[in-house]
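I am opening a notebook page on this structure and will write down what I look up, one entry after another.

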Amino acid sequence: MIVAPSFLTADLHRLEAEIASVRSAEWLHFDVMDGRFVPASTYDHHLVATVRAFSDRYFDCHLMTVDPEASFSDYAAAGASSVTFHLEASADPAAGIFALHALGLRAGLAVKPATPIERLSPYLSHLDLVLVMSVEPGKGGQAFLPEALDRIAWLSDFRAERGLTYLIQVDGGINGVTAPLVRRAGADVVVAGSFIFRRTDRDAAIAELPELAKANPGASPYIRSVSKLR
Ligand code: DX5
Ligand code: ZN
């Protein structure tokens, strides 16, 4: 299981130190908010370029922006590895996926909790990554929404039945209790913000999640959801 630290709650004035504090993470998750698709606004491709100057890790850029396609080439130039945009924000997701691949980027599509998961079906065979939001996008530190488990399982079944290869990523409220559940449901990548950045030893927090996922599937208050899963 890949753990991608989200920098939303990190101290951006001490960026290099904050990135050094998650040394063991292969992926870095950038939460780009424009104050329109979500009320909050964070940073954009400029921050990605700043970090690319001193890091060669995998840059997982999560765009919570309106008209995401307009900035794809900026993220390519900034050194992003993949760009994930929201299905709800795009007039033509298929064209967006094609544009990302043409820029040499991996393509991801994200869905909000209320968006029917089946709406992703037409795009799944072209995607590298699917992001299931397990909180309403827009801020860190929120509680995990258990209905995300069945949505992950649906994507995992769809992938297996059709021999597809997209990664399933989950974002929001991931911690030592929810990580085992999303892993059991079929998730490959978990984003974690507050669970990692509230800790002094962040690498220990990053190592904990896959360990717990291996050792402890299904042992949590969401057990009723698990019983419906495989
Ligand atoms: C929320 C962001 C998440 C958030 C996760 O809109 O997309 O990446 O930072 O933070 P936690 O892990 O604290 O829920
Ligand atoms: Zn995110």
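How many helices and strands does the protein have? I counted these elements before anything else, keeping in mind that the model is predicted, and I found 9 helices and 8 strands.

Next I looked at the overall dimensions. Along the principal axes, the C-alpha atoms fill a box of roughly 45 × 45 × 30 Å.

Then I turned to the ligand. I noted that ligand 1 sits in the largest pocket, and that the elements giving two or more residues to the shell around ligand 1 are β2 (27-33), β3 (58-64) and β8 (189-192). Of these, β2 provides the largest share, with 3 residues.

Which residues are the closest to ligand 1? I listed 20 residues around the ligand, with D31, G138, D171, G193 and S194 as the closest. Sorting the shell by class, I got 10 polar, 7 nonpolar and 3 charged residues.

My last entry concerns polar atoms that lie beside oxygen atoms of ligand 1. For D171, a polar side-chain atom is 2.7 Å from a ligand oxygen, while for G141 a backbone N or O atom lies 2.8 Å from an oxygen of ligand 1. In H62, an N or O atom of the side chain is 3.2 Å from a ligand oxygen atom. I also checked how covered the ligand is: taken alone, ligand 1 exposes 380 Å², and the protein buries 99% of that.

Notes:
Residues numbered from 1 in each chain as written. Chains lettered and ligands numbered in written order. Predicted model: local features only at pLDDT ≥ 70, side-chain atom pairs only at ≥ 80, totals over all residues. Heavy atoms only, no water. Near = heavy atom within 4 Å. Polar contact = N/O pair within 3.5 Å; in protein donor to acceptor, adjacent residues only side chain to side chain. Areas by Shrake-Rupley, 256 points an atom, 1.4 Å probe, with all protein chains shown as cover. 1 Å grid on protein atoms, 1.4 Å probe; cavity = no way out; pocket = protein on both sides within 12 Å on 5 of 7 lines; lining within 4 Å. Sits in = over half its atoms within 2 Å of the grid points. Helix = DSSP H or I, 4+ residues; strand = E, 2+ residues; numbered from the N terminus. Nonpolar A, V, L, I, M, F, W, Y, C, P; charged D, E, K, R; others polar.
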